[in-house]
Amino acid sequence: GNDVTELQDMLIGFGYLTGVADGVYGDATSAAVKRFQSAQGLPATGICDPATLKQLDNPKAKSAPLPSTGEYAEIGAVIKPGMHGEGVVELQKKLIKRGFLKGVADGVCGEMTVAALKKFQQSVGLPADGVCGIMTYSALEDAQYGREENDEWKKETENFPQFKKTIRVSATAYSPQDPGLGKYTATGTRVRRGIIAVDPRVIPLGTRVYIPGYGEAVAEDTGGAIKGNRIDIAFDTYAEAIRFGRQTLEIYIIK
């Protein structure tokens with residue numbers, strides 16, 4: 001039923017369950033609940049009791065370890081969590097040199113590497129998404145000079161939004177063209193690209209966020225199924241919303 005669907009959406013948001021919320025409390029859901037309970041220090045019964053529900057409603061609950069993508073990374077490629085190869089080795093060497101990562105460069109972008117990368121990104125004012133793209137590479141090259149002393153770096157990042165925290169969410173999409181959906185949000189604005197529906201207990205209405213691959217958005221809408229760490233991202237067309245589907249990702253709360 002709907003309660004199970006909401007539970008599954010929360011587990012997907014924290015990374016303990018994959019796939020689509022189907023509303024059936026089967027073996028996969030029970031196993032996901034056990035993994036979540038174990039990570040939070042709760043008895044791993046597989047039963048979603050009040051203590052488990054309370055922790056699922058806590059945005060500071062521990063997320064699941066990052067999965068491995070198995071992708072090979074060449075030197076200079078965009079490095080994502082779970083990738084391996086020469087590109088990861090070079091990234092790790094730079095992070096070790098700057099004191100953000102300890103140990104040796106093993107060529108695997110695991111939890112320690114991702115955590116170190118996020119700390120570095122935060123230190124230079126970039127979104128701490130744990131993904132090493134062109135802006136992060138640029139920052140790593142210029143780090144020894146410092147942002148204030150490097151005119152080119154300042155020029156590239158002067159309009160970049162600053163972030164105060166990240167939240168891992170289960171994200172779906174909608175549009176004003178969806179059958180049976182109204183064209184106005186819960187706050188009275190038009191449904192359009194650049195807004196999201198949220199659970200106000202987790203993300204207050206009016207909050208500005210940055211969504212990787214989408215851009216900036218404002219929390220202006222709510223929904224009966226939007227509970228806990230779940231959001232609904234607005235697009236202008238039904239086709240765009242369908243293409244987005246359902247994704248688990250980290251979004252950034254803008255200062």
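Visitor: How does the lining of the second largest pocket divide into nonpolar, polar and charged residues?
Guide: The lining of that pocket divides into 9 nonpolar, 4 polar and 8 charged residues, where Ala, Val, Leu, Ile, Met, Phe, Trp, Tyr, Cys and Pro count as nonpolar, Asp, Glu, Lys and Arg as charged, and the others, Gly among them, as polar. This is a predicted model, in which local features need pLDDT of at least 70 and side-chain atom pairs count only at pLDDT 80 or more, while totals for chains, interfaces and linings use all residues. Residues are numbered from 1 along each chain as its sequence is written, and side-chain values use heavy atoms, with hydrogens and water left out.

Visitor: Which residues lie nearest the centre of the second largest pocket?
Guide: Of the 21 lining residues, Ala 61, Ser 63, Lys 118, Thr 166 and Glu 250 lie nearest its centre. A pocket here is an open set of points on a 1 Å grid over the protein atoms alone, where a 1.4 Å probe fits, with protein on both sides within 12 Å along at least five of seven lines, and lining residues have an atom within 4 Å of a point.

Visitor: And which element gives the most to that lining?
Guide: That is α5, with 6 residues, helices being DSSP runs of H or I with at least four residues and strands runs of E with at least two, numbered from the N terminus.

Visitor: Switching topic, where is Cys 109, and is it buried or exposed?
Guide: Cys 109 sits in the loop between α4 (86-97) and α5, and it counts as buried because its relative accessible area is 3%, the cut-off for buried being under 20% with a 1.4 Å probe and protein chains only.

Visitor: What does Cys 109 contact, leaving aside neighbours within four places in sequence?
Guide: Its contacts, meaning heavy atoms within 4.5 Å, are Ile 79, Lys 80, Pro 81, Gly 82, Met 83, Val 88 and Val 114. Lys 80 is 29 residues away along the chain, yet the two C-alpha atoms are separated by 7.2 Å.

Visitor: What about Thr 185, where is that?
Guide: Thr 185 is in the loop between β1 and β2 (195-197) and, at 8% relative accessibility, it is also classed as buried. A polar atom of the Thr 185 side chain lies 3.3 Å from the backbone oxygen of Glu 220. Beyond four places in sequence, Thr 185 touches Arg 190, Val 191, Ile 195, Glu 220 and Asp 221.

Definitions and conventions: Buried < 20%, exposed > 50% of the residue type's maximum accessible area, 1.4 Å probe, protein only. Polar contact = N/O pair within 3.5 Å; in protein donor to acceptor, adjacent residues only side chain to side chain.
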